[in-house]
Amino acid sequence: MKLFVRSLLKGLAILLPLIITIELIRWLLRTVESSLSPVLEVVLPNQWYLPGMAIICFILLCVFIGFSARWKSFDWLWSLPGKVMMKIPGTKQIYGIMQDVIDVMSGKNFADESVVLVQLPQSKVELIGIVTKKSGIKNDRMSSLIEDDHIAVFLPMAYNVGGYTIIVPRSCTKNIDMKPAEALQLVLSGGLGSSNMPKKN
């Protein structure tokens, strides 16, 4: 019986991440296809439209938007819908959280030294964190609370969408060679996943 249970758990550990990942990708592809295909069917003759063209058009649209966002005028245009959503109660919180998560995972607005080890006071325990704010940033509420020799560090929690933002002296932190996305993956998995070992500076 124990062998059966262990085998079952081992099989679930192998299959569930694979199934969930595939289903998420399928959901995304179906959503893009069902949303854009009616537009393409109107623009293109019926005999020209093939399944999957909506996904290709979506990818090309993302490339075009990302490429054109290098210019300020286009960047302002593409950011306008997001600014409007940030003004609407209810959607502001949802959109803001999603935008922050994507920014963190993509490493946007983070320097190369943004991942640090934070040593707890009067302890040898160290926590992996991501530097989110420093002092001296104009018109930033969090930055105004930080002294010159302090930084704000986000400490994510394992197996949970959450964490703590703490303000600590720079002397209590130690830079490690790791990207923010890698640090989040490592911490959220409790260190049980496979990843490269970080280098301490």
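Analyst: Buried means under 20% relative accessible area, exposed over 50%, and partly exposed in between, with a 1.4 Å probe and protein chains only. Trp 71, at 44% relative accessibility, is therefore partly exposed. This is a predicted model, in which local features need pLDDT of at least 70, side-chain atom pairs count only at pLDDT 80 or more, and totals for chains, interfaces and linings use all residues. Residues are numbered from 1 along each chain as its sequence is written, and side-chain values use heavy atoms, leaving out hydrogens and water.

User: How many aromatic pairs does a search of the whole structure find?

Analyst: Rings of Phe, Tyr and Trp (its six-membered ring) pair if their centres lie within 6.5 Å; planes under 30 degrees apart are stacked, over 60 edge-to-face, and the rest tilted. The search finds two such pairs. Phe 64 and Trp 78 are edge-to-face, at 6.2 Å centre to centre and 80° between the planes. Because Phe 64 lies in helix α2 and Trp 78 in helix α3, the pair ties together parts that are 14 residues apart in sequence; helices here are DSSP runs (H or I, at least four residues), numbered from the N terminus. Phe 67 and Trp 71 have ring centres 5.5 Å apart and planes at 75°, so this pair is edge-to-face.

User: Which charged end sits over the ring of Trp 71?

Analyst: A charge sits over a ring if NZ of Lys or CZ of Arg is within 6 Å of the ring centre and within 35 degrees of the ring normal. Here that charged end belongs to Arg 70, 4.9 Å from the ring centre of Trp 71.

Key:
Helices (H or I, at least four residues) and strands (E, at least two) are DSSP runs, numbered from the N terminus.
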